[in-house]
Amino acid sequence: MPTLYHITPAANLPSILDLGLEPQIGPRSASAGERVAAVYCFTDLAAVEDALTNWLGGCFDEEEALALLRIDVGNDVRLGAGAGYEVMVLAPIPARALAVLSEDVCEDEGQGSRFGATCCP
């Protein structure tokens, strides 16, 4: 069973933990010109950290808490090719496949997180 990771505004957590994740073309996907509804996920924590310290961290307001989710997807889940550090999940992801690793990855430095305040511009 593959493990993937997803970053989302923490304000979305109640809905996500209730309903799961639905493939869509959200605000960041639309601004990037994406044409396929998907849930964009990272393949490992190093890719999450790299994205937060570079392009992804700049996509959110500095004050906005960003949650990190672990996703345990089944081997039968349809994946699309993304950039080398990401995959597109093309099917809904049920809430039972999700675990919250952090409710604010940019503020967890003092709690032993590998990310911390320096990860988000």
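Student: What makes the meeting of Arg70 and Asp72 a salt bridge?

Tutor: The term asks for a side-chain nitrogen of Lys or Arg within 4 Å of a carboxyl oxygen of Asp or Glu. Arg70 and Asp72 have side chains that meet at 3.4 Å, N to O, so the pair passes. Apply that rule to the protein and the count comes to 1 salt bridge. Keep in mind that this is a predicted model, where local features need pLDDT of at least 70, side-chain atom pairs count only at pLDDT 80 or more, and totals for chains, interfaces and linings use all residues. Residues are numbered from 1 along each chain as its sequence is written, and side-chain values use heavy atoms, with hydrogens and water left out.

Student: Why is Arg70 called partly exposed?

Tutor: Buried is under 20% relative accessible area, exposed is over 50%, and partly exposed is in between (1.4 Å probe, protein chains only). Arg70 has 29%, so it lands in the middle class. Asp72 does too, at 26%.

Student: And how do you know which class Thr8 belongs to?

Tutor: Its relative accessible area is 5%, under the cut-off, so Thr8 is buried. Thr8 sits in strand β1; helices (H or I, at least four residues) and strands (E, at least two) are DSSP runs numbered from the N terminus.

Student: What does Thr8 touch?

Tutor: Contact means heavy atoms within 4.5 Å. Not counting residues up to four places away in sequence, Thr8 touches Leu13, Ile16, Ala65, Leu66, Ala67 and Leu69.

Student: Which residue caps the N-terminal end of α3?

Tutor: That's Asp44, with a side-chain oxygen 3.2 Å from the backbone nitrogen of Ala46.

Student: Which residues of α3 are buried?

Tutor: In α3, which spans residues 45-53, they are Ala47, Val48, Ala51 and Leu52. They cover an arc of only 130° around the axis (taken from the directions from the helix axis to the C-beta atoms), which puts them on the same side of α3. In general, an α-helix has 3.6 residues a turn, so residues three or four places apart point the same way. The buried residues of α3 pack against β1 (3-9), β2 (39-42) and β3 (66-72).

Student: How do you know that β2 and β5 pair?

Tutor: Pairing takes at least two DSSP bridges between strands. There are 4 bridges joining β2 to β5, so the pair qualifies. The two strands run antiparallel, and Cys41 stands opposite Val87 in β5. In β5 (residues 86-89), Glu86 and Met88 point one way, Val87 and Val89 the other, and all are buried.

Student: Why is Val105 called buried?

Tutor: Val105 has a relative accessible area of 1%, so it's under the limit. Val105 lies in the segment after β6 (98-102).

Student: Where is Pro92, and what is it in contact with?

Tutor: Pro92 is in the loop between β5 and β6. Leaving aside neighbours within four places in sequence, Pro92 is in contact with Leu21, Glu22 and Pro23.

Definitions and conventions:
Polar contact = N/O pair within 3.5 Å; in protein donor to acceptor, adjacent residues only side chain to side chain.
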